[in-house]
Amino acid sequence: PRYTWLSLGLVFVGVVLITGDGLLQPGGTSLTGILAGVCSGGVYALVLLTSRGLRQSVGGFTQAIWTAGISSLALLPWALYASPLAIQANLIYLIPAGIISLGISTLLYFLALGRTRAQIVSVVAILEPVFGALIGVFFLGEFFTLPGLIGCVLVLGGIYLITR
């Protein structure tokens, strides 16, 4: 579409503003987290392309189950480093978080991908930094900075342009 590059530019600038100075710091945990997010985006694109190719032969529920299993196996080495006491003490939080963040969201994602175009599903995924900022404000007691607020507006504007 005509506004694709403008939309992507707005989203990129918006995400940079939402993350604050994390992109500008040469080291530390902010840069590590942002690099992990970039890798996550690459894996997300790979999953999107693969699942679009499989949607005719494999249903959304089956894809969600396989994705959860593969993700669990891939993350198992990090889980083995966790203290059993820490896991036991936080199990009441870990189970619902896993069901909601991995189970329900993945199932809804694959069901949506089977019923709509990949471009629309991708645009909805662009809302992630906006929702992340809102969760930080409403549940973690963080505050919006002016650049963060402008970033959210730019991301929403980019989404509006690309869906026109």
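Reader: Is Ser7 buried or exposed?
Author: This is a predicted model. Ser7 lies in helix H1. Its relative accessibility is 2%. The cut-off for buried is under 20%, so Ser7 counts as buried.

Reader: Which residues does Ser7 touch, not counting residues up to four places away in sequence?
Author: Ser7 sits in helix H1. Leave out residues up to four places away in sequence, and Ser7 touches Gly158, Ile159, Leu161 and Ile162.

Reader: Which residues of helix H6 are buried?
Author: Helix H6 covers residues 128–140. Glu128, Phe138, Phe139 and Leu140 are exposed, on the other side of H6. The buried ones include Val130, Ala133 and Gly136.

Reader: Within what arc do the buried residues of H6 fall, seen down the axis?
Author: An α-helix has 3.6 residues a turn, so residues three or four places apart point the same way. In H6, Val130, Ala133 and Gly136 are buried. They line one face of the helix, because seen down the axis they fall within an arc of 125 degrees.

Reader: What covers the buried residues of H6?
Author: Those buried residues are Val130, Ala133 and Gly136. Their cover includes helix H1 (4–19) and helix H7 (146–163).

Reader: How many disulfides does a search of the whole structure find?
Author: Cys39 is exposed, at 54% relative accessible area. Cys152 counts as buried, at 6%. A search of the whole structure finds this number of disulfides: 0.

Definitions and conventions
Residues are numbered from 1 along each chain as its sequence is written. This is a predicted model: local features need pLDDT of at least 70, side-chain atom pairs count only at pLDDT 80 or more; totals for chains, interfaces and linings use all residues. Side-chain values use heavy atoms; hydrogens and water are left out. Buried means under 20% relative accessible area, exposed over 50%, partly exposed in between (1.4 Å probe, protein chains only). Helices (H or I, at least four residues) and strands (E, at least two) are DSSP runs, numbered from the N terminus. The arc is that of the directions from the helix axis to the C-beta atoms. Contact means heavy atoms within 4.5 Å. A disulfide is a pair of cysteine sulfur atoms within 2.5 Å.
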